[in-house]
Amino acid sequence: MSVFEGKHILLGVTGSIAAYKAADIASKLTQAGAEVDVVLTEHARRFITEVTFRAITRRPVLIDLFDEPEERQIAHIHLAKRADVLLIAPATANILAKLAYGIADDLLTTLALATQAKLVIAPAMNTVMWQNPATQQNVRILEARGARFVYPVEGMLACGDVGAGKLADTPTILQAIEEVLNPPLRGVRLLVTAGPTEEPIDAVRHISNPSSGKMGYAIADEALRQGAEVTLVTGPTLLAPPAGAKTVPVRTAQQMLDACLQVYDAVDVVIATAAVSDYRPAEVWQGKRKKGEPEWTIRLVPNPDILRTLGERKGKQILVGFAAETQELLQNAQQKLREKNLDLIVANDVSQEGAGFRADTNRVTLLWADSTQKPLPLMSKREVAQYVLQAVRDLLRARSSSEG
Ligand code: CTP
């Protein structure tokens with residue numbers, strides 16, 4: 001049976017040239033067994049009429065907040081209550097801004113505030129509008145609140161520009177709704193390591209690195225949204241722990257290893273994004289070391305390699321590592337994959353602009369144990385997280401089918 005069967009989907013259409021494509025989405029959802037209630041904004045009506053949607057969905061199309069087709073019910077509250085999913089496709093920059101700030105000045109935005117349905121948003125707009133920091137910030141605000149975005153794709157836009165801004169295609173949007181209704185990582189137990197480690201020198205100093213933890217937190221967050229049970233073992237970061245994860249804060253590499261070993265036997269997947277300090281001071285000063293000596297030599301000794309240790313003890317787990325490199329990216333990553341007994345490694349050239357430490361974006365190549373490679377363009381860390389988790393889902397599926 002289709003996951004859409006008997007589901008109530010509210011389809012909000014806003015004023016973008018791509019509004020006509022919403023007719024195809026409404027049609028496919030209806031064919032798949034969903035009951036689709038279409039809400040058009042005033043601007044959407046400049047591009048497409050309610051007649052089209054009424055014919056497709058065989059249901060009234062809603063426009064005005066004060067339309068009350070059934071006298072006994074307040075239409076928007078009734079619709080808001082019974083919806084399983086609120087899909088906004090296409091979504092303009094304007095609706096993203098209104099949703100981010102809770103503005104409710106028409107039927108669609110009022111519904112969005114009044115519903116507890118899952119929100120799926122497929123934006124479509126001019127590239128510059130999409131990339132505008134205001135729009136991107138609104139996307140992040142909504143994502144942090146749990147909205148599922150189906151990002152626009154690159155292509156020739158109505159205005160003649162070429163770039164990101166085209167509405168994603170119907171199958172991709174339908175797949176996103178399917179995932180929201182039926183989270184693909186439900187039942188999967190995932191361990192994520194994130195952030196830097198700190199190796200104390202004395203009471204007030206330590207050795208560390210500039211890792212912000214953003215990549216690991218994005219993976220934890222995205223995995224939670226996809227239904228996974230997540231343990232996040234994290235070094236010190238400034239990020240808020242993702243709601244719903246079991247977060248274990250640690251400081252040193254040894255503490256991170258201990259925390260990972262505690263849960264290792266009970267997890268299905270490990271994704272190691274932590275930038276672990278490879279060495280630690282051999283001796284830690286008691287208290288604060290006073291200045292005065294002309295020189296200070298600190299002797300360093302190796303830290304445990306957490307991922308390698310997990311690789312050596314690997315049972316049924318799927319192990320995913322990250323490789324931070326500044327040279328010979330793929331060769332070095334391939335070597336780490338082999339030596340740490342991994343299933344997948346995410347190779348990351350941290351010397352490139354917009355990639356690696358502290359950035360919100362990343363440019364990575366996925367490398368599998370069978371030497372398959374997938375280079376990805378520069379994208380947000382959340383999008384990288386989605387690609388990594390898609391690869392994990394494929395590995396889990398391959399594993400369960402090989403087990404018969
Ligand atoms: N890693 C780990 N424990 C360590 C070092 C690394 O678990 N002590 C993990 C990282 O989280 C990452 C992968 O191993 O998933 C590769 O880390 P990276 O820093 O790129 O490589 P290293 O193994 O430290 O090797 P090198 O520093 O020589 O490049």
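In which pocket does the ligand sit?

Modeller: Happy to! A quick note first: this is a predicted model, where local features need pLDDT of at least 70, side-chain atom pairs count only at pLDDT 80 or more, and totals for chains, interfaces and linings use all residues. Residues are numbered from 1 along each chain as its sequence is written, and side-chain values use heavy atoms, with hydrogens and water left out.

The ligand sits in the second largest pocket (more than half of its atoms lie within 2 Å of the pocket's grid points). A pocket here is an open set of points on a 1 Å grid over the protein atoms alone, where a 1.4 Å probe fits, with protein on both sides within 12 Å along at least five of seven lines; lining residues have an atom within 4 Å of a point.

Around the ligand there are 14 residues, and Ala 272, Ala 274, Leu 307, Lys 336 and Lys 340 come nearest (a residue counts as near if one of its heavy atoms lies within 4 Å). Now for the polar contacts, pairs of N or O atoms within 3.5 Å. One oxygen atom of the ligand lies 2.7 Å from a backbone N or O atom of Ala 272. Lys 336 brings a polar side-chain atom to 2.7 Å from an oxygen atom of the ligand. At Ile 306, a polar backbone atom is 3.0 Å from a ligand nitrogen atom.

Key. A polar contact is a pair of N or O atoms within 3.5 Å; within protein, one must be able to donate a hydrogen and the other to accept it, and residues adjacent in sequence count only if both atoms are side-chain atoms.
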